[in-house]
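Hello,

Here is the structure I promised to pass on to you. Have a look at it first, and then read on for what turned up in it.

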Amino acid sequence: MSAEPRPADFRRASTAALADGPLRANFRRAMDGLMAKRAARFADPVEWRDLRALGAAIRARTLARLPEHLVRLEARCRENGISVRWAETTEEANAIVLEILRRHGATRVVKGKSMVSEEMHLNDFLERHGIESLESDLGEYIIQLDGETPSHIIMPAIHKNRGQIAKLFGRKIRDAVYTEDVDALTAIARRVLRRKFFEADAGISGVNFAVAETGTLCLVENEGNGRMSTHVPPVHIALMGVEKVVPRLEDVPPLYSLLTRSATAQPITTYFNMIGGPRGPGEKDGPREVHLVILDNGRSRMHADRALQATLRCIRCGACMNHCPVYTRIGGHAYEAVYPGPIGQLVTPQTEGVDRRADLLEASSLCGACGEVCPVGIPIPELIVRLRTEAAAPGGASAVLGRGGARHRVESLAWRVWSTVLSRPRLYRAAALAATRLGRLVPAGFPPLSAWTRFRSAPRPARRSLHELADDERIPDA
Amino acid sequence: MTDASSRPRAVFYFGTCLVDLFYPEAGLSGIRLLQREGVRVVFPRGQSCCGQPAYNSGYAGEAREVARAQLRRFPGEEPVVVPSGSCAGMIRRHYPDLFAGDPDETAARAFANRVVELTEFLVGVLGVRLADRGAPVRVAWHSSCHALRECGVDRQPLELLAQLSGVTVAPLARDKECCGFGGTFAVRHPGISGAMADDKAAAVEESGAGVLLSGDAGCLMNVGGRLAARGSRIVPRHVAEFLWERTRER
């Protein structure tokens, strides 16, 4: 296999992103638009509150009995003629996909959008094994042409503006005339992709909702490429994380409505595919084989913790990113992870280890905007704090990967001193007296203070504390 | 509004560590605003911090000991008024979790239920009517994220400002976006935090306001500090101090 990749470096990447003016402008413009459109789509606060409560309840109750629903899904899918395979790791999932493709001698694959396939780094894997894997979602197609990864889970090429896409097409697509006209650019991609759908030996897609009671795979999309990828080639392989199951068909409409309105502010998408199985006897179209690969990749570990289990409620709408003041300023690539933004700050450290990705956990002001817009009520800020606590834990066992691995000796000592002083009234008043008389809390040049003064004037303690003013004014003590 | 029977005769005041050390005049102004309504204000000495900095940094044990010390300073059942949405939110929303399974859990829950943010108390419980005595001024209002999202305090400060005839509240671009303070976030990721503070400072400047008001000391220190570094002459003020200074009888 390939060499160990360079370790993720959020600090370096986010610093570079902050200095990239056009990138920041692209994100700011796009996120401002998305936030305004979403707000208009959920204009009725009561309807929003009720629908979100329903969505959260469906997801929470599904997760509470996840294994049961998955077993049922598998059985129903098999009855429908869909073969079901389980993968604990992304390596296993890749091997399963490769095995299916090899069995059919497939060399050309078209793909619908799938974040699970990004987890698997499936395109790279297939290319290494001599199989062409072409992204057919327009945004995914654009970034694949440029050798990039998605910067947003719904709008993977949102970091690029029209001019950048025009230049890319002119450079990479044969016979493409340079144009910045959006319809013309779309037509160029459409011309390339249309041919590929008919030539492909297999199609690969994600899954938005997998219905346990009927064995139906639901796919939400806008471009028709999802339908083409899953319908035209003779073999369809669907990829899903274990959390994507919903118990009943009636669970789908509320989640679908929450998803489209939260993601792109659409009341409904252009396409909603419900895949019930391969082509039946006497049917004239549809794939001859449908395979479902169900991936764990750390999800069972999230599921094992009662609070962190809420991470798996996510329906991948991206609203948390759109509303995140950090994401808006640095974009998705800076996170150096498959899932950027607030939900990624939960998923990535739990998948890769809270010790290895403590930098991501720190990159939140805990403003709460993500939790406020999450359509399934994931308490994202609270869970970020929980993972910070896991990362800094002094020891003890837990389901969280890398627990205690980011505990810093000097920092933990500093918090111990802080706690000692602030929990002892006399000590606190003595320290407060010193701070007000000296006019500072910490010596100049002390790292936290110098980080602060890079952008701001230094705060100076008042000459007399509120305690002293209260004494002067004879405000009664308890 | 409120009837006399529901008005508490006395309240406790939790000043918060930032107000105690950096904005004591704002703290005292909050006490004055309450006293003027005929409420007896008790300020327990030796109170310090709600514990939020350590809690948010992942040091729950250290945060709990500081929080426990506060529980001891606030006996009784009177409301605890806090001139900060962030600290009020910490106590109200997070003490129950922080003390889950701890011998002080019941006390922590009781304490959490007593906590009210200052403007929320002035408007919702006391129903104050203010008479403006100050010169005309244009102000920008910045709500802290925790006041907004953890305490549900959004309209109350604006209702108080609307009572002041000489005060115009300037519309602020992206008024509900975080200013980038986030406690230790500001020093752990200074670049990102600084970019957020800079955008907020620029929006305040563009609003044409002469004064920046907030109900949270952390935001004031952050945006005020950025405004100063940009060479701006806009004055950062805690809303309690601003309200008191404009309405006090001289």
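Before any element is named, a word on terms: helices (H or I, at least four residues) and strands (E, at least two) are DSSP runs, numbered from the N terminus. What you have is a predicted model, in which local features need pLDDT of at least 70 and side-chain atom pairs count only at pLDDT 80 or more, while totals for chains, interfaces and linings use all residues. Residues are numbered from 1 along each chain as its sequence is written, chains are lettered from A and ligands numbered from 1 in the order in which they are written, and side-chain values use heavy atoms, with hydrogens and water left out.

Let me start with one residue of chain B. B:Val204 sits in helix H11 (residues 190-206) of chain B. Its relative accessibility is 0%, so B:Val204 counts as buried (buried means under 20% relative accessible area, exposed over 50%, partly exposed in between, with a 1.4 Å probe and protein chains only). What is B:Val204 in contact with, leaving aside its neighbours within four places in sequence? The list is B:Ala140, B:Leu172, B:Ala209, B:Leu212, B:Val223, B:Leu227 and B:Ile234, where contact means heavy atoms within 4.5 Å. As for B:Pro103, 101 residues away along the chain, its C-alpha atom is separated from that of B:Val204 by 46 Å.

Now to the sheets of chain A. Two strands pair if DSSP finds at least two bridges between them. One open sheet has 6 strands with parallel pairing, in the order E1-E10-E7-E4-E2-E3. Its edges are strand E1 (82-87) and strand E3 (132-135), each of which pairs on one side only. On average, neighbouring strands of this sheet are turned by 20° against each other, direction ignored. For angles in general, axes are lines fitted to C-alpha atoms, for helices over the stretch in contact, and angles run from 0 to 180 degrees between N-to-C directions.

Walking through this sheet, E1(A) is joined by 6 bridges to strand E10 (residues 289-295) of chain A, and the two run parallel. A:Ile82 has A:Val290 as its bridge partner in E10(A). Further along, E4(A) is joined to E7(A) by 4 bridges, again parallel, and A:Ile204 is partnered by A:Ile237 in E7(A). E4(A) also pairs with E2(A) over 3 bridges in the parallel sense, with A:Val109 opposite A:Ala202.

In a regular strand the side chains alternate between the two faces of the sheet. Strand E4 (residues 202-205) of chain A is covered on both faces: A:Ala202 and A:Ile204 on one side, and A:Gly203 and A:Ser205 on the other, are all buried.

Helix H4 (residues 66-79) of chain A lies across E1, strand E7 (235-241) and E10, at about 145° to E1(A). Helix H10 (residues 182-199) of chain A lies across strand E2 (108-111) and E3, at about 135° to E3(A).

Chain A has another open sheet, of 4 strands in the order E8-E5-E6-E9, with mixed pairing. Strand E8 (245-246) and strand E9 (271-275) are its edge strands, each pairing on one side only. Strand E5 (residues 209-211) and E8(A) pair in the parallel sense over 2 bridges, and A:Ala210 stands opposite A:Val245. Helix H12 (residues 252-263) of chain A lies across E5, strand E6 (216-221), E8 and E9, running at about 175° to E5(A).

The loop between H12 and E9 of chain A holds A:Ala265. A:Ala265 has a positive phi of about 65° although it is not a glycine, and it is buried, with a relative accessible area of 8%. Another positive phi, near 55°, belongs to A:Arg474, in the segment after helix H23 (466-472) of chain A. Is A:Arg474 buried or exposed? It is exposed, with a relative accessible area of 74%.

I hope this helps you find your way around.

Best wishes
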